[in-house]
Amino acid sequence: MLLENVKLALTGLLANKMRTFLTMLGIIIGIASVIAIMTVGDAMNKSVMGSMGDMGVNNISLYIMQKMGEDYDYTSDTFVRDMKDKDYVSEEMINDLTDHFKDKVEGVALKKSVGEVKIEDGKKYANISIEGVNNPALKQTKVKTLAGRGFSENEQNESRKVIVVSDRYVDNMLGTEPAAALGQTVEAVIDNKYYSYTIIGVYEYSESQAGGMGAGKSQKDIRTSAYIPLQTAIIQLREKYQFDELEVVAKNGADQGVLATEISEYFNNKYYKENDAYESYAYSMKEEIKSMESMLNTQTYAFAAIGAISLLVGGIGVMNIMIVSITERTREIGTRKALGATNGCIRLQFITEAVVVCFIGGILGVIVGQIFGIMASKMMGYSGSASVGGIIFCVLFSMAFGVFFGYYPANKAAKLNPIEALRYE
Amino acid sequence: MAEIMTPDSMIKARGIIKRFNVGSENELEILHGIDLDVKKGEFVSIVGTSGSGKSTLMNIIGLLDKPTEGEYLLDGVDVCSAGDTELSHIRNRKIGFVFQTYNLIARTSALKNVELPMLYAGVKARERKERAMELLELVEMKERINHTPDELSGGQKQRVAIARALVNSPSIILADEPTGALDSSTGRKIMDLFHKLHEEQGITIVFITHSPELATETERILTLKDGAFIDERMGIRYAS
């Protein structure tokens, strides 16, 4: 019966193509705007999250910053003094941290930025930023290794001059396959000093890893990271093994918000209680992203709700056309009733017709919305997409609209007096 | 019920009164207590000029309307107490309508039109198609099963409509001026079809017309005037 009704509705709708299309148009525009907004919202989300993504979502960032007591005056510049060795996080403190929180902490990612350099060789050049990383930090970059490997314990401890570069660097400077680059040297001049590193690994450059900062530049000019062992960097920079910033990698399943608080409390109580000017502060990246994401999502939903208003207008259009269609088909309704159609049959027939219009309109709306949404987000430099759940919801919502706006006309048709309907001219 | 239903009675109506605008100033009594008996397999015509109340009577016989007063038994079933949905089911299974204006469903093939009453009866698709084909063959419309109403002539449309009326093997065929919109030769063929159905298949037919000439072809002619039967005669064709 239902299948017959759907077929019947399709035949009826096909017979009046133009009218059907115009009726659907309202639904199409409504659904399309909702889907487009969702897609653009998703792209916006990604563009904001992209820059945060490479910081690692399992990380808790720990900073050393000036103490801000109860009487701290936020309006004036109350700089106390420069950081001294005792203010920094030392190797012992890091070991203590990993030991104390060994159930919840995977490791501590440490980085030292060596510098941004342009490597040149005749006409060839590549922009890289050299970073000293320990092994947890290299792992945190989550890059895909194309050839070679990361650093061994020995290379880390003995501050070997080895380097992991991007495939983009290899392409620019050597023009070979990643594997062929292994063993080649990178010669860099940093602060008027000459350094030479042996390539031991090549990773795949990705835009999301670069956090969108590379977007817009020509492929050749994009600055990519090159990693050297942390100890090597420390020696080159003539620094000590101490940090004012580090990333604690949490184990899976650990509540990061809680862990961040625990870590800063532990550090402050143990190491910075006596400190006159500095203390530690830890926060969870995941928590930050979560709150940012929920804010962006709220915004998207708010816009989508505005888009849904046009859907309402479309729904009223469907209702209008259903009333017209039923008036036109009064005799048909009378005939059907004479032939034994119950009120329920007639009601179902017209509700089905409205639902079919809204369903097809919904599908077309999704397609149109996707096209516009993807085009708009491409312009923003990010590829967004509406969630599958969102799309299904939109189509179902549109069908529910069909039932809602089809019910009144369908019920009107069902209640027609068969004698009057048959006599209708 | 005072009277006992005879086994061969198809329609037994007693004291049918129909009033419109009941209770208001312009209350109007259209039918003034009509008694009607139609036997199984009978071909009866009801003749009357317009305004005689024949449409109202037809609506009541066809269960599209309820009498204000009176009793009506159709094929042994008291239909006066039935609700809307039940009436739909009775119409579906016991009554086959043939209208003056054919009333085929537009943009729908002859086959689908004939299948329609079976759809409402809940018959399975294959069975529907088989039965519809069978009846379209009976009315000699087998060649045009896929034509839509606007591709058919008046006579062809009426044949399809007759097939549709017969499809659920109803107790009676209720034909309201079935030849009214047709030219005389086409009308003749439709009348012949009714005779064939009546004679060969023993189908009960109630034929409503304003034309006394066509009415004389039937077994029994009832003349309706101002809401009451004024005459009952035997038809010429079956008199001998």
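Which loop of chain B is Asn21(B) found in? Asn21(B) sits between β1 (9–20) and β2 (28–39) of chain B. This is a predicted model, where local features need pLDDT of at least 70, side-chain atom pairs count only at pLDDT 80 or more, and totals for chains, interfaces and linings use all residues. Residues are numbered from 1 along each chain as its sequence is written, while chains are lettered from A and ligands numbered from 1 in the order in which they are written. Helices (H or I, at least four residues) and strands (E, at least two) are DSSP runs, numbered from the N terminus.

**Positive phi in chain B**
- Most residues other than glycine have a negative phi.
- Asn21(B) has a positive phi, near 50°, and is exposed, with 9 other C-beta atoms within 10 Å.
- Glu140(B), also not a glycine, has a positive phi of about 60°.
- Glu140(B) lies in the loop between α4 (125–138) and α5 (154–166) of chain B, and is partly exposed with 13 other C-beta atoms within 10 Å.

- Five bridges link β1(B) to β4 (residues 69–74) of chain B in the antiparallel sense, and Ala13(B) stands opposite Tyr72(B).

**Strands in chain A**
- β1 (residues 59–66) and β13(A) run antiparallel, joined by seven bridges.
- Ile60(A) has Ser284(A) as its bridge partner in β13(A).

Technical notes: A residue is buried if 20 or more other C-beta atoms lie within 10 Å of its own, exposed if 12 or fewer, and partly exposed in between; C-beta atoms are placed from the backbone. Two strands pair if DSSP finds at least two bridges between them.
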